[in-house]
Amino acid sequence: MENEDDLSVVMIAVDRGSDTFVLVRPDGKEARLPLRSPLFEPTSLLRRVSYPPSFEGLVVETLKGDSIVFELPCFDRSD
C-alpha cells in the first residue's frame with residue numbers, strides 16, 4: 001500500500017480527445033475520470049487545458065498544436 005505522502009498531484013488536465021479529467025502523480029501514473037458531458041463546444045479550437053499546481057499558470061493546447069500559457073494571480077502576495 002502506498003503512503004499518503006506519495007499521492008500528490010503534479011498535473012490536473014481536461015482532455016478533449018478522450019473526454020476525461022486527468023490527475024497525474026509525480027511518478028507519472030494517471031487517474032482518468034470520464035466527463036459527464038463534453039466540456040468543449042464542437043466549434044472550440046482547444047484540445048487540452050492543463051493546470052500544474054507548482055506553476056502559477058494555466059496551459060491551453062490548441063487543435064493545431066500551439067500552447068498558450070495564462071498567468072494566474074497569486075492570492076498570497078500582491079501582483
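This report describes the strands, the sheet and the charged side-chain pairs of one predicted model.

## Basis of the model

The structure is a predicted model, in which local features need pLDDT of at least 70 and side-chain atom pairs count only at pLDDT 80 or more, while totals for chains, interfaces and linings use all residues. Residues are numbered from 1 along each chain as its sequence is written, and side-chain values use heavy atoms, with hydrogens and water left out.

## The sheet

Six strands make up an open sheet, and their order is β3-β2-β1-β4-β5-β6. The pairing in this sheet is antiparallel. Strands here are DSSP runs of E with at least two residues, numbered from the N terminus. Two strands are taken as paired if DSSP finds at least two bridges between them. In general, strands of a sheet pair through backbone hydrogen bonds, either parallel or antiparallel.

The edges of the sheet are β3 (30-34) and β6 (67-71). Each has a single partner strand, so one side of each is left without a neighbour in the sheet. On average, neighbouring strands of this sheet are turned by 20° against each other, direction ignored. For such angles, axes are lines fitted to C-alpha atoms, and angles run from 0 to 180 degrees between N-to-C directions.

## Strand pairs

Strand β4 (residues 46-51) pairs with strand β1 (residues 11-15) in the antiparallel sense, over four bridges. Four bridges also join β4 to strand β5 (residues 57-62), again in the antiparallel sense. Ser50 of β4 stands opposite Ala13, and Ser50 also stands opposite Val59 in β5. β4 and β5 form a hairpin, with five residues between them.

Strand β2 (residues 20-24) and β3 pair in the antiparallel sense over five bridges. Within this pair, Val24 has Glu30 in β3 as its bridge partner.

## Salt bridges

There are three salt bridges in the structure. A salt bridge is a side-chain nitrogen of Lys or Arg within 4 Å of a carboxyl oxygen of Asp or Glu. Side chains of opposite charge can pair when their charged atoms come close.

Asp15 is buried at a relative accessible area of 12%, and Arg48 is buried at 15%. Buried means under 20% relative accessible area, exposed over 50%, and partly exposed in between (1.4 Å probe, protein chains only).

Arg25 forms a salt bridge with Asp27, and their closest N and O atoms are 2.6 Å apart. Arg25 is buried, with a relative accessible area of 16%, whereas Asp27 is partly exposed at 48%. Arg32 forms a salt bridge with Glu30, with 2.9 Å between the closest N and O atoms. Arg32 counts as partly exposed at 41% relative accessibility, and Glu30 counts as partly exposed at 45%. Glu30 is also the bridge partner of Val24 in the strand pairing.

## A loop residue with positive phi

Asp19 lies in the loop between β1 and β2. Its phi is positive, about 50°, although Asp19 is not a glycine. Asp19 is partly exposed, with a relative accessible area of 32%.
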